[in-house]
Amino acid sequence: MGSPITSWDGAEAYFTGAGGASPALLLILSVIATFAAIWYGAKHETHSYERLELE
């Protein structure tokens, strides 16, 4: 299988988002989402345990 490219003269590369705020923003959002899920799960488990103890 051959390549349709016969020459690399004038070839350019475009890097979109490299070194920008996107990776940091995604990291911060994922950390927040992880802590929110842990907090919500702990709250739910505490509430369920308290209901079980009352019965």
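The model is predicted: local features need pLDDT of at least 70, side-chain atom pairs count only at pLDDT 80 or more, and totals for chains, interfaces and linings use all residues. Residues are numbered from 1 along each chain as its sequence is written, and side-chain values use heavy atoms, without hydrogens and water.

**Exercise 1: overall form**

Find out how many helices and strands the protein has, and how spread out it is.

Step 1. Helices (H or I, at least four residues) and strands (E, at least two) are DSSP runs, numbered from the N terminus. The protein has one helix and zero strands.

Step 2. The radius of gyration, taken over C-alpha atoms, is 25 Å, well over the 10 Å that the globule rule gives for 55 residues, so the protein is more spread out than a compact globule. That rule is 2.2 Å times the number of residues to the power 0.38.

Step 3. Along the principal axes, the C-alpha atoms fill a box of roughly 80 × 30 × 5 Å.

**Exercise 2: Ala-36**

Is Ala-36 buried, exposed or partly exposed?

Step 1. Buried means under 20% relative accessible area, exposed over 50%, and partly exposed in between (1.4 Å probe, protein chains only).

Step 2. Ala-36 has a relative accessible area of 39%, so this residue is partly exposed.

**Exercise 3: a distance**

Work out how far apart Ala-36 and Leu-54 are in sequence and in space.

Step 1. Locate Ala-36 in helix H1.

Step 2. Ala-36 and Leu-54 are separated by 18 residues in sequence and by 27 Å in space, C-alpha to C-alpha.
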